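Let us read this structure one feature at a time. Keep the sequence and the model in view.

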Amino acid sequence: MSADLVMDTCLLAGTIILKSGGETYRTEETMTWIAEAAGMDDVNSSATPTSVILSFRCQGQDHTRMVRTPKRTTNLNKITLVNDVSRRFVSGGITLSEAYRTLREIDQMKPIYPKWLQHMAAALTSGAFSMLAGGSWLDLGPSALAGLTVNLSMEYFEKFVRMKFFTEFSAALFGGMISLLFVTLFPQLHMSILIIGAMLPLFPGIAITNSLRDLMAGDLVAGVSRGVEAMLTAVSVAVATAITLWFRG
Amino acid sequence: MLLKGLALSLVSSTAWCILFNVPIRTILAGGLAGMVGWLVFSTLPMMGAEVLLSTLVSASVVSLLSQVLSILLRVPSTNFSVAGIIPLVPGSLAYKAMLAFVNNDYMGGITLATHTLMVAGAIASGLILGISVFTIWRGARHAGKRTQRG
């Protein structure tokens with residue numbers, strides 16, 4: 001088994017997990033498992049939310065490589081698939097080259113749900129959540145539309161603005177303005193319900209969960225940085241809400 | 001009323017799963033986690049529990065359920081827990097806090113913001129509690145197997 005292929009496979013698995021929004025401890029564990037199952041000695045891996053380092057010893061020679069992962073999205077399907085591949089390789093179900101080929105396919109994979117379905121899902125989750133928060137049937141449509149606006153503007157701004165928190169802030173502001181428009185046009189709607197529903201697609205659920213799981217696994221640096229990420233998102237949404245409320249007067 | 005809440009939490013969690021590209025075969029399980037979380041969250045106050053306690057308990061239930069589902073379906077538990085905590089998000093508290101700040105009611109705003117933070121902390125501790133309980137249970141099971149073998 002060539003050390004290069006082992007290195008490539010491990011790093012590919014690690015970067016896919018990290019790029020798709022997985023926990024850093026999962027990244028490290030997966031790389032270590034694959035390398036150890038491939039018969040490498042002295043395996044050490046380290047991951048932060050933006051980089052992966054792997055080093056091992058193969059027939060008396062040390063190998064170390066580092067990869068940066070600047071762009072991150074959330075795609076839990078890819079994490080599940082990589083998890084599956086690594087499990088099958090470790091249990092001896094597939095060979096290393098098969099694992100590498102499958103990982104390459106996973107890396108190239110498009111999101112399983114088309115864009116329009118994701119936007120519809122954002123609308124649906126906003127509408128349903130606003131009703132859970134005490135809204136009536138009347139509030140369902142407008143808050144779904146506001147949630148849709150938030151998700152659409154997120155996607156739109158992401159292309160121009162490199163700063164994630166400003167993107168979220170602008171999207172939240174857009175959603176807030178749509179809610180404000182609805183409330184001004186139809187005074188029987190509730191401003192609070194609309195805003196609560198509209199901001200739900202921005203809720204940093206994955207950052208919170210990952211931060212906690214990393215902290216639990218002892219990855220303190222990654223856990224704290226993910227926690228700060230979640231807090232900054234929450235703050236940008238809160239500021240956008242405050243500005244919207246201030247406009248209302 | 002309860003049925004409506006159950007249906008809404010199911011829909012909202014399932015849609016959230018789609019937003020995060022959860023694998024197709026686990027979408028409904030994620031929605032189920034959200035529904036169970038909401039069920040616990042809305043029934044505990046009827047027995048006299050306050051918001052913080054019911055949030056803590058329902059978050060731990062969601063976390064435990066995600067761990068069990070992750071073993072049954074052989075996928076990472078994040079798939080379920082991310083969607084499961086959606087119905088517990090303290091949206092209206094956060095909104096009220098911002099409203100108070102905008103209206104120059106700083107004392108009220110700080111009270112409400114603290115309350116929001118406490119609820120968020122309850123969700124976090126609930127998730128951690130669920131994982132810890134599950135780890136203990138799994139460790140105990142492994143230890144039991146080891147003694148049986150030995």
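Q: What share of the contacts in chain A with a separation of 6 or more is between residues 24 or more positions apart?
A: Two residues are in contact if their C-beta atoms, placed from the backbone, lie within 7 Å. In chain A, 64% of the contacts with a separation of 6 or more join residues 24 or more positions apart. This is a predicted model: local features need pLDDT of at least 70, side-chain atom pairs count only at pLDDT 80 or more, and totals for chains, interfaces and linings use all residues. Residues are numbered from 1 along each chain as its sequence is written, while chains are lettered from A and ligands numbered from 1 in the order in which they are written.

Q: How many helices and strands does chain A have?
A: Helices (H or I, at least four residues) and strands (E, at least two) are DSSP runs, numbered from the N terminus. Chain A has 10 helices and three strands. Along the sequence, the pattern is α-α-β-β-β-α-α-α-α-α-α-α-α.

Q: Which strands are joined by eight bridges?
A: Two strands pair if DSSP finds at least two bridges between them. Here, strand 2 (residues 51-58) and strand 3 of chain A share eight bridges and run antiparallel. One bridge links A:V52 to A:V67 in strand 3. The two strands form a hairpin, with two residues between them. In the turn, A:Q59 has a positive phi of about 50 degrees.

Q: Why does strand 3 of chain A lie largely in the open?
A: Count neighbours. A residue is buried if 20 or more other C-beta atoms lie within 10 Å of its own, exposed if 12 or fewer, and partly exposed in between; C-beta atoms are placed from the backbone. Strand 3 (residues 61-68) has eight residues and zero of them are buried, so it lies largely in the open. For chain A, 51% of the 249 residues are buried.

Q: Where are the domains of chain A?
A: Domain bounds come from an automatic or database domain assignment. Domain 1 of chain A covers 3-108 and domain 2 covers 115-248. Their C-alpha centres lie 33 Å apart. Seven residues from domain 1 and 10 residues from domain 2 make the contact.

Q: How many residues of chain B are in contact with chain A?
A: 36 residues of chain B are in contact with 37 residues of chain A. On the chain B side, helix 1 of chain B gives the largest share, nine residues.
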